[in-house]
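Here is a short report on selected parts of one structure. Take a look at it before reading on.

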Amino acid sequence: MATTLNPTLQALRERIEERSKTTRAAYLNNLPQGPQNRTAVGCANLAHTTAIYPSTTKRVISLHNSPHLGIVTAYNDMLSAHQPFAVYPELIAKHARALGATTQVAGGTPAMCDGVTQGREGMELSLFSRDVIALSACVGLSHDVFDGAILLGVCDKIAPGLLIGALGFGHLPFVFIPAGPMETGLSNAEKAKTRQLAAQGKASREDLLQSEEKAYHSPGTCTFYGTANSNQLMLDFMGLQFPGGAFEPPSSPQRQALIGESVRALESATRNPALKLGTLVDSRCLMNALVGLMASGGSTNHTIHWISVARAAGYLIDWTDLETISSVTPLLTRVYPNGTEDVNAFQAAGGTAGLLATLMDGGFIDGEAPTVWGTTMANTVAEVLPASETFSTRKPGASRNTEVLRPYTNPFQPDGGIRLMKGNLGRGVCKVSAVKQEHRFVEAPCRVFTDQHQVIDAFNKGELTEPVVVVLAHQGPRANGMPELHKLTPILGILQDQGLPVALVTDGRMSGASGKVLSAIHVCPEAKADGPISRLRDGDVVRVDANEGVLQTTADLSNREPMPTPAQAVSHGRGYFQVWRNTVSSAEEGASNLFPQ
């Protein structure tokens with residue numbers, strides 16, 4: 001293992017720490033000082049807390065004789081990845097009792113499935129829901145009776161929301177316990193092919209439904225490497241869940257063993273002040289997570305979420321920092337949509353443990369960063385032994401499939417999976433790892449739209465037959481909540497497969513599963529904030545160059561008026577996030593003003 005960090009990463013970390021001195025100190029100073037003390041909690045308060053327990057347990061909790069662990073759960077059975085959480089509280093309680101500890105479900109949070117809401121009005125609530133989740137977690141943890149807490153959440157905005165909320169209680173230790181991915185079903189490539197055939201009218205609705213049901217078919221996380229699985233990899237890299245266990249499947253003995261081991265780690269952490277969340281989530285922890293994101297070609301959604309996570313911990317980072325990380329971090333995995341295989345194949349090749357190990361060997365990961373296990377990352381990371389029903393591990397070795405996971409000495413590409421795009425149209429991001437080299441540059445006249453359904457209509461009418469940059473404006477956080485625009489992936493993919501140079505430029509988001517087509521997304525400033533994208537008109541030539549990170553137009557925008565704000569239809573979320581929408585920051589600022597420092 002390398003003993004020194006890559007000099008570019010080391011210098012960046014020092015810059016982040018220097019610029020964040022004031023905000024980081026304010027965060028730490030605002031946390032409650034000293035250990036929890038339930039004996040100082042009012043008797044009526046404690047009586048409410050312990051009302052459900054037998055008298056012996058009441059005394060254990062009220063006298064603070066052993067740790068009392070909270071559980072914040074995002075369980076529902078509309079998310080396949082969260083359905084296994086239905087039985088987790090009792091499993092956690094069983095393991096805690098064996099350690100002499102007690103547990104309570106502190107609260108629940110909403111947890112929407114972006115796969116269900118794609119292309120629907122409900123998607124406008126998706127990014128907003130992250131802040132609702134953070135606040136919900138805070139409500140559950142607000143009773144001053146817990147010595148630590150377990151966070152149950154996997155997907156999309158949910159895991160970042162839970163982490164942001166938990167950082168508001170950074171005087172406590174926390175551990176995440178995921179559920180793992182569903183078994184491999186229909187390949188992601190076959191699923192994508194059927195979607196494109198359906199978009200062309202060459203596959204029936206029944207054909208499409210059968211294809212989707214074969215792909216999404218059982219409890220567990222979807223098997224492509226989108227936002228949910230990027231969450232899991234990054235939490236492993238942060239040491240907030242066991243670094244090497246993210247992708248053990250829900251029904252395996254190893255998953256059950258990991259539940260017990262995670263409870264044991266948290267119970268132990270309650271006696272170690274150095275492992276409280278606010279201390280553990282430091283600049284090393286955050287940069288390790290972002291290196292993991294870049295090395296794995298992870299979801300662009302985290303160019304928003306982890307900026308907010310960092311700010312919740314008092315650190316100031318931006319897209320320039322992410323570009324620096326990506327510029328020196330080698331791309332070491334190929335998992336769909338960055339390749340053909342899924343996360344189960346990645347796990348079989350060595351998984352997060354293998355990726356962490358080789359990145360540490362190359363000096364890209366700080367192996368001295370602490371984990372909630374009480375040991376350094378270098379001394380914690382391991383593969384869970386596949387044949388064991390009790391927690392047992394082995395140190396990661398060489399990749400077992402170099403088409404999925406490679407050593408740092410033989411990367412798929414020398415830099416990371418996400419690229420910063422900038423020019424006279426603003427700044428955006430591109431998931432370059434999913435785009436073939438021959439499709440990474442497009443310069444063409446643009447077509448300007450303000451609703452994704454307008455793009456679909458233009459495609460169905462046969463209007464998109466020439467090289468084109470599709471510009472979709474007024475999709476930013478202030479405009480309509482910044483929905484994901486994954487429904488555009490099949491039709492843009494069809495145009496590309498027909499040989500047309502095609503790219504997408506938008507101030508909205510794309511799903512973490514999106515890829516293949518060159519896309520500059522999260523463009524800032526957004527159209528609603530008078531960004532240059534609002535002055536583009538049909539026919540303006542736009543250059544999208546992921547090789548050089550360029551996003552610009554040859555048109556003179558200086559004397560143009562911005563496009564009129566489109567009329568917004570009444571939606572599920574329109575009333576709920578009106579205040580949030582009027583005060584929200586940009587995508588590059590994490591699209592939230594929650595817990596400002």
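## Terms and basis

Buried means under 20% relative accessible area, exposed over 50%, and partly exposed in between (1.4 Å probe, protein chains only). Helices (H or I, at least four residues) and strands (E, at least two) are DSSP runs, numbered from the N terminus.

The model is predicted: local features need pLDDT of at least 70, side-chain atom pairs count only at pLDDT 80 or more, and totals for chains, interfaces and linings use all residues. Residues are numbered from 1 along each chain as its sequence is written, and side-chain values use heavy atoms, with hydrogens and water left out.

## Strand 10

Strand 10 runs parallel to strand 9 (residues 441–449), joined by 4 bridges. Strands pair if DSSP finds at least two bridges between them. With strand 11 (residues 502–506), strand 10 pairs in the parallel sense over 5 bridges.

## Helix 3

The buried residues of helix 3 (residues 43–50) are L46, T49 and T50. They sit on the same side of the helix because they cover an arc of only 80 degrees around the axis; the arc is that of the directions from the helix axis to the C-beta atoms. They pack against helix 4 (55–62), strand 1 (68–73) and strand 2 (102–108), where contact means heavy atoms within 4.5 Å.

## T221

T221 is in the loop between helix 10 (205–215) and helix 11 (227–238). T221 is buried, with a relative accessible area of 3%.
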